[in-house]
Every structure is written in structure tokens, then in C-alpha cells.
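Please look over the model below, with its sequence alongside, before reading on.

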Amino acid sequence: MLAGLSMASAAPEAESPLAAAPGPGAAVADASGPEKLSKVEQAKASFCGLDLEPRLAELGTQGWEALDEATLTIHLKWLGIFFRPVTPGRFMLRLRLPNGVIQADQLAVLAEAVDRCGAEGSADITTRQNLQLRGLLLEDMAPLVEAMTAVGLTSRQSGHDNPRNITGNPLAGIDPDELVDTRPLVEAIQARLLGPGGPRNLPRKFNVAVGGAPDSFLLHNDLAFLPAERDGELGFTVMVGGFFSAQRNALAIPLGLWLRGAQLPDFSLAVLRHFERHGNRAARNRSRLLYLIDDLGLEAYRTELLASFAAVLAEAAGAGAAAESPAERAALLALPHDGSHRVNQPPRSGLGVHAQAQPGLHWLGLHVPMGRLDAESMLELARLARHYGSGELRFTEAQNVLLVGIPSERLEALLAEPLLQRLRPEPGALQAEAVSCTGSRYCSFALIPTKTTAQAVVEELERRLELPHPLRSHWTGCPNACGQPYMGEIGLMGAKARHEGQMVEAAKIYLGGSLGSEPALAELHGKPVPLTQLPDVLEQLLVERFGARRRPGT
């Protein structure tokens, strides 16, 4: 049944757990209308995966092999539960961690779930400041969801055609360079999008982010709010349409609107409601937001969006949530803006010891090699956060972790902890900002094992070379670009190449990604390089283009 995971039979059968009447998650488009629904849309049209939550224990008892294909490969993702074809019977659970913030007690609950998976268990920090757990059984899900709910965690709508984890400044609230604390804004947006009026069936996934510092590079998101001034007031300019894919890669562009922080939740809901109604449901390779903007034109899209925003505000006013006076209502409107903003620096790594904005307190940034954690490390991180800091941790888009609220007098003891020999505060110049997707170990699309390959290559290059400054590298297993290769000073994409008469695992090399004041996407450099030759080829590039020097004796 599952060979190739074809969607040809994705519609629920009579005996399926999905054989229920259409609910609130039914598709907006109609299969008999001018646009024929894609097969994925047909599978989504009559049922919302959120309605499976009360039946998780029952599904676990039935076993994963008893589930129909649509349930297994689509609908469970509304609850953050992912079937992995390369590890049949073992599932992934993706969390929602707004702004990348997690408490020690929450991390400990997740660590215990990973620990129960034995050798199959692990957790990956994602490029959306999030965490996903691997090696879980379907029967694990109901008790895990219950345990997560008890400590304030959710995995709701973290996969497939949903608004993904909302990102913000990982140093929010403790950053001496902060312009805006993004935490309450991100939490308010999530509450609005996941609330009763939020979208339950988007045409495709949707990424939202809020910037709060001069290094908040967010132009790879569908919707990004960047700190910006208008008439001397600090608010946010709106950027739209960023995304990476196998077909097209683009940075977000200015929408031409400016908002105050309090407006972001309602405006985000307006954007997603419009996308839910008008996004392409016939061709999934044209279903991201940028294609809708292309089809409408930016000005027409902005006009329609403002109408959607007005409708959301009117709905809120009807519920008594809006201001009464005309002057106060006028203050809720989006205002024209030229798109200029205060983000003009590449993202900081945050690694090592740094003074917080609060006198006498520090954060400690720890490097997590390729973002992968085991249960033991997770439990130790939770213990260190409780014992030395405030009990809070942050995940970064570079797949690293920060401990916060550490008093000066506790730093010396913390830096002597054994865990810091593995999760180092001061890794090598290539290790520090090396980002990797899941790779072929868990993803059926990946052409190479990215995490293990990246780690081995980085270690070998650091053995051979000295670099004058940290260098950002992004590794991805396939053209879907989950590892964001176009954002790296060096990007690497899994491929195949002919070597000595055989097709072998290889990597395409991309160069020139810039996340500073003049952002640019990395561009393809040459032909795919067999993995066996990759260290030598990268060594030469690092010497010629990035000022690396060969170590004596290598």
C-alpha cells in the first residue's frame, strides 16, 4: 500500500478513521470548480487532521499498518506526527516553540520520550528554532501529547499545509542590542493563528517571523515583520513572498505597509485567511504565497490584503475587542511604507558567554553539532538551565542552544561542566555556523546523509585549515532546500555524480550567500563533487576565496 507513497488512493475509504462528515478543515476550493484540486487537496478536502487528536490512543492500538495512506502521510501531520518511509513504524513528532523558547521542565519531558526510544531516539533542532523528536512509536503519541499539554507544549499544526513555527530574535528580552522584544508578539501571533478563527487548511505551508534586532535576517519567510520607523515611531515593515524550493528561490519583498506591534496578530490572520481562500490548490509546485502575489500583482495583492485585514478587524470589533472611537480605530489601520528597516547585520551566532541586558546576568551559547541531541544531552541541558540559570533555554536558527539568566558568580562552575566538552561554547570557525537538514537517514527525498557527512567534512577541514573568522555553511540533502543552502557563504546540496564509471553520492556547491545589509542568495559553483573528493575541493575554495591558511604539517 505504501510503496512510493502515491496519492492516487489518498481519498479515505469507508473503513478508514477518516470516514467522517466534512468538518471545519474542509478545503475552500471545490473539485468541480474552475481549478481541479490536486490529489493532496482531494485527500484534505473532507477532513481536518486536528480532529484525529481524540482518537490518537485508538489509532495507536490499531497500529500504523492499519491506517489508510491519507491518514498516515497527510492528516497526522496536523498534529505534528510524521510517518517516515525510511524508518517504517518509527515516527517523528515536531513541536511548536514560539520564538525558540523552552523551559527546563518541558525539555525534560521531551528527553524522557526520546530516552524511551532507545537507540532509535534523537531530537533535532530545526532552522525554525524548533525541536523534532525521532524514533517514536504510534502508540507513544497519545500519552506524549497528554504529557506535553500538562507542561504547556503543543505540536499542533506543525507540519504539512499549516503555519509553521513562528520565529523571532533568539535573544529576545536579554539582548543589549534589541530593538523590540519579539517574544510577546510571536506568542500573540501563534495564539491568533491557532485559535478558533485560525486557518485549518492552507494550500501549502506558511512561514511567519518577527524581527527584533539589527541582525534579524528573515527574508526567507513567506511573511516577515522587520523593525522599521515611520514618522519617528518604531514599528514593523511588512515583507512577503520569501521561500526556497526545488523550482524557485526568492527573498521576501516589501509589501509597502507599516504596522504597530499590536497589529501583527490580526494582520497575520488576515494574510493567512486570504491565502487560504485564494492560494493555488491545483498545482502544488505553484502553491506558495509568492506565486499568488505573482498572479495578482503586488498592488492588487496589497489591496485585497487590506480588505481581508479590515474584515478581521470588523470581526474583532463585533466581539467587542476593538476600540470604540474613530481615532482609535484609525490607529489600527496599516499605513503606507517604503520598506526600509533597521536590519542591517548578518545574524550573530550567540555562542560563548555574553552579558545580558540585565546587569550581572549572562547567556551561554552552546554549539550542537548539526543540531542533533540525544536524551542524555537534553536532560543535562535541562539540569544546567535549572541549576545555573533561570531555567529557560533558547533554540536558534543555526541549530544551537542558549542557556540564559546566568549570574556572574556561577559562570566558572558552569563552564567546567562535562557536557561542554561535547556542546562547546567556542567551536571551530566552520563548526560554529554549520547548518544541516535531516538527510537520508530519515528523509526519503535526501540524496546523501547530510548530518554525518557535514560533520565529517567540517572536522576534516578544521584539522587542515585555520580560518580568519567563522564561516556559515548550509547543507541540504536535495533540491527542496530544507537546509537553506542559498543562505550560506557556502551551501551544499545532495546530488549524484559519475565517478570512475559509477554514479556516486555527491554535493553541488553554492557560493556567495549574504545575510547582511545587501542580502543575496548563493549561486551554483561548478559541477557536483563526489563526497569522497569534497574535503579537497572545499579546502581549495576556502584558501582561495575565504582567506583560510593551511595548518603546518597537513
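**A walk through the predicted model**

Five strands form an open sheet, in which the order is S1-S2-S5-S4-S15 and the pairing is antiparallel. Strands here are DSSP runs of E of at least two residues, helices are runs of H or I of at least four residues, and both are numbered from the N terminus; two strands count as paired if DSSP finds at least two bridges between them. Strand S1 (81-83) and strand S15 (372-373) stand at the edges with a single partner strand each, so one side of each has no neighbour in the sheet. Helix H4 (residues 104-115) packs on this sheet, where it touches strand S4 (122-125) and S5, and its direction makes about 25° with that of S5. For such angles, axes are lines fitted to C-alpha atoms, for helices over the stretch in contact, and the angle between N-to-C directions runs from 0 to 180 degrees. Within the sheet, strand S2 (residues 91-94) and strand S5 (residues 131-136) run antiparallel and are joined by four bridges, with Leu93 standing opposite Leu133 in S5.

All of this is read from a predicted model, in which local features need pLDDT of at least 70 and side-chain atom pairs count only at pLDDT 80 or more, while totals for chains, interfaces and linings use all residues. Residues are numbered from 1 along each chain as its sequence is written, and side-chain values use heavy atoms, with hydrogens and water left out. The mean pLDDT (the predictor's confidence in each residue, from 0 to 100) of the protein chain is 91, and 91% of its residues reach 70 or more. Over residues 1-34, however, the pLDDT is below 50, and beyond near neighbours in sequence this stretch has 70 contacts (heavy atoms within 4.5 Å) in the model.

Most residues other than glycine have a negative phi. In strand S20 itself lies Ser473, which is buried with a relative accessible area of 5%. Leaving aside neighbours within four places in sequence, Ser473 is in contact with Leu430, Glu433, Ala434, Val435 and Ile490.

Which strands flank S8? Strand S7 (residues 223-230) is joined to S8 by eight bridges and runs antiparallel to it, with Phe225 opposite Val238 in S8. S7 and S8 form a hairpin with two residues between them, and Asp231 in the turn has a positive phi of about 55°. Four bridges join S8 to strand S11 (residues 253-259), again antiparallel, and here Met239 stands opposite Pro254 in S11. Six of the eight residues of strand S8 (residues 233-240) are buried, so this strand is largely enclosed by the rest of the structure.Finally, there are the enclosed spaces, where the count comes to four cavities of 30 Å³ or more. A cavity is a set of points, on a 1 Å grid over the protein atoms alone, where a 1.4 Å probe fits but cannot get out, and lining residues have an atom within 4 Å of a point; grid points are joined across faces, edges and corners, and a volume is the space filled by probe spheres set on the points. The largest cavity holds about 420 Å³ of space, and of the 28 residues that line it, the closest to its centre are Asp215, Pro347, Arg348, Glu397 and Ala398.

Methods
Buried means under 20% relative accessible area, exposed over 50%, partly exposed in between (1.4 Å probe, protein chains only). On a 1 Å grid over the protein atoms alone, a cavity is a set of points where a 1.4 Å probe fits but cannot get out, and a pocket is an open set with protein on both sides within 12 Å along at least five of seven lines; lining residues have an atom within 4 Å of a point.
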